[in-house]
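User: I would like to go through the assignments in this model and hear what each one rests on. Please set the values against the cut-offs.

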Amino acid sequence: MSMFDDDPVVASPWAIERFGQRAGGLVAAVPVQLARAHARAHAVHLAARLKKRSPYGATLAEAVRENLADAARELDEAVRDVRGYEYAVVNDHALFPFKYADRPKPLDRARLASDASPTRRRMLLGHGPEPQEGLFPVDEDLTTQEYEELHETFEALGASTKLVCLFFTADPERGIHAIHWGDAHLEPDRTFTCLYSEQLPVAPPPLM
């Protein structure tokens, strides 16, 4: 049975502006798909029988991308491959999932890891929202060739495709703590300035 068979969820004006007629479907699907991704990652974590949480984090990141791509397909929307990773693209807006903490933490504490891949940085800078004029200071030292390349868009994703950040926190024992999505600008210090954000409900763990 499709997760979209029930009555449509009421989406916010912001979500409707981004995702069009699919907004309600996504509001319903995203929490469910994150809960399913946690269940998959938790199973791998238990099977690994390791004290460290690395199997959980790596599996969760990939499972979330895959599950969001499945949701996009079920909505008859696009899934695009960016350097071996699938991203859901709905109404020309790509979902960029990002677990920013392994414990409950306010969204304003989100920070991109220092070892984040150039691909992730380029997606955020090339497809994310532009800083509002006069709001974010520009460091002239950053106008290097590397900086310019990080602001180029991915043709595979679609040059006109905009990014919607999907922030969440989770851990193996308690699962998904909180989910936020919105328009977020990546700052030079790897923090985010949220131009708009809203919180989504957390779905209960799936029945195994």
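User: What pattern does the protein follow along the sequence?

Analyst: Read along the sequence, the pattern is α-α-α-β-β-β-α-α-β-β-β, with five helices and six strands in the protein. Helices (H or I, at least four residues) and strands (E, at least two) are DSSP runs, numbered from the N terminus. This is a predicted model, in which local features need pLDDT of at least 70 and side-chain atom pairs count only at pLDDT 80 or more, while totals for chains, interfaces and linings use all residues. Residues are numbered from 1 along each chain as its sequence is written, and side-chain values use heavy atoms, leaving out hydrogens and water.

User: Why is C165 called buried, and what is C194 called?

Analyst: Buried means under 20% relative accessible area, exposed over 50%, and partly exposed in between (1.4 Å probe, protein chains only). C165 has 2% relative accessibility and therefore counts as buried. C194 has a relative accessible area of 32%, so C194 is partly exposed. Of the 208 residues in the protein, 46% are buried.

User: What is the strand order of the open sheet, and what makes β1 and β6 its edges?

Analyst: The six strands have the order β1-β2-β3-β4-β5-β6, with mixed pairing. β1 (78-82) and β6 (192-200) each have a single partner strand, so one side of each is left without a neighbour in the sheet.

User: How do you know that β1 pairs with β2?

Analyst: Two strands pair if DSSP finds at least two bridges between them. Five bridges join β1 to β2 (residues 85-90), therefore the two count as paired; they run antiparallel. Within this pair, A78 has V89 in β2 as its bridge partner.

User: How does the reach of helix α2 stand against the expected span?

Analyst: The expected span is 1.5 Å times one less than the number of residues. Helix α2 (residues 23-48) has 26 residues and reaches 37 Å from its first C-alpha to its last, close to the expected 38 Å.

User: Where does α2 have a kink?

Analyst: The kink of about 30 degrees lies at A29, shortly before the proline P31. The bend at a residue is the angle between axes fitted to the seven residues ending there and the seven starting there. R49, with a positive phi near 55 degrees, follows α2.
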